[in-house]
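Visitor: I am new to this structure. Could you walk me through it, one question at a time?

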Amino acid sequence: MQNPQSIQLHGQLTSADMRQTRPIPVQMPEGVTQVHFRFRYSPKFAPNQRLAHQISLMIFDTEGPRFEISRPDDQGVWIHEAEASPGGMAGPIQPGTWQLF
């Protein structure tokens, strides 16, 4: 069995990024059969606020949209050839540049 490959991307968003869409290109290599995207952010709540910060996620492969969700949990989201977590479309993982928004 082949060891899974892990790609880690790090960045920082501030209040200036509110209501903005920021594309993040991810190079998907040939032969991938499943992808898993996990997001960590803090703080979960702004000071003196009752509602948690909201992050919306859209994933596009080389042929178009593959995933859309608001408030992904700490477990993340995944796409496999045969199935996907809620909000995603199962199917072959296309090599090339994917875009996360």
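**A guided tour**

Guide: Read along the sequence, the protein chain of this predicted model runs in the pattern β-β-β-β-β-β.

Visitor: How many helices and strands does the protein chain have?
Guide: Helices need at least four residues and strands at least two. By that count the protein chain comes to 0 helices and 6 strands.

Visitor: What are the spans of the C-alpha trace along its principal axes?
Guide: The protein chain has 101 residues. Along its principal axes, its C-alpha trace spans about 50 × 25 × 20 Å.

Visitor: What percentage of the residues is buried?
Guide: Buried means under 20% relative accessible area. Of the 101 residues in the protein chain, the buried share is 22%.

Visitor: Is leucine 9 buried or exposed?
Guide: Leucine 9 sits in the segment before strand S1 (24-28). Its relative accessible area is 52%. The cut-off for exposed is over 50%. Leucine 9 therefore counts as exposed.

Visitor: Which residues form a nonpolar patch on the surface?
Guide: Together the members have about 270 Å² of accessible area. They are Ile7, Leu9 and Ile24.

Visitor: What is the volume of the largest pocket, and which residues are closest to its centre?
Guide: The volume of the largest pocket is about 2,500 Å³. Its lining has 50 residues. The closest to its centre are Leu9, Arg38, Phe39, Arg40 and Leu100.

Visitor: Which strand gives the largest share of that lining?
Guide: S1, strand S2 (34-37) and S3 each supply at least two lining residues. The largest share is 4 residues, and it comes from S2.

Visitor: Where does glutamine 34 lie, and how far is its C-alpha atom from that of glutamate 81?
Guide: Glutamine 34 lies in strand S2. At 44% relative accessibility, it counts as partly exposed. Glutamate 81 is 47 residues apart from glutamine 34 along the chain. Their C-alpha atoms are separated by 6.7 Å.

Visitor: What separates the C-alpha atoms of methionine 58 and isoleucine 24?
Guide: Methionine 58 lies in strand S3. It is partly exposed, with 28% relative accessibility. Along the chain, methionine 58 and isoleucine 24 are 34 residues apart. The separation of their C-alpha atoms is 10 Å.

Visitor: How many aromatic pairs are there, and which residues form an aromatic pair?
Guide: The count comes to 1 aromatic pair. Planes over 60 degrees apart count as edge-to-face.

Visitor: Are phenylalanine 60 and phenylalanine 101 buried, partly exposed or exposed?
Guide: Phenylalanine 60 has 27% relative accessibility. Phenylalanine 101 has 28%.

Visitor: Are aspartate 61 and arginine 66 buried or exposed?
Guide: The cut-off for buried is under 20% relative accessible area. Aspartate 61 and arginine 66 are both buried.

How values were computed. Residues numbered from 1 in each chain as written. Predicted model: local features only at pLDDT ≥ 70, side-chain atom pairs only at ≥ 80, totals over all residues. Heavy atoms only, no water. Patch = residues over 30% accessible without salt bridge, like charges linked within 9 Å, V, L, I, M, F, W, Y side chains within 5 Å. Areas by Shrake-Rupley, 256 points an atom, 1.4 Å probe, with all protein chains shown as cover. Salt bridge = Lys/Arg side-chain N within 4 Å of Asp/Glu carboxyl O. Buried < 20%, exposed > 50% of the residue type's maximum accessible area, 1.4 Å probe, protein only. Phe/Tyr/Trp six-rings, centres within 6.5 Å; stacked < 30°, edge-to-face > 60°. 1 Å grid on protein atoms, 1.4 Å probe; cavity = no way out; pocket = protein on both sides within 12 Å on 5 of 7 lines; lining within 4 Å. Points joined across faces, edges and corners; volume = space filled by probe spheres on them.
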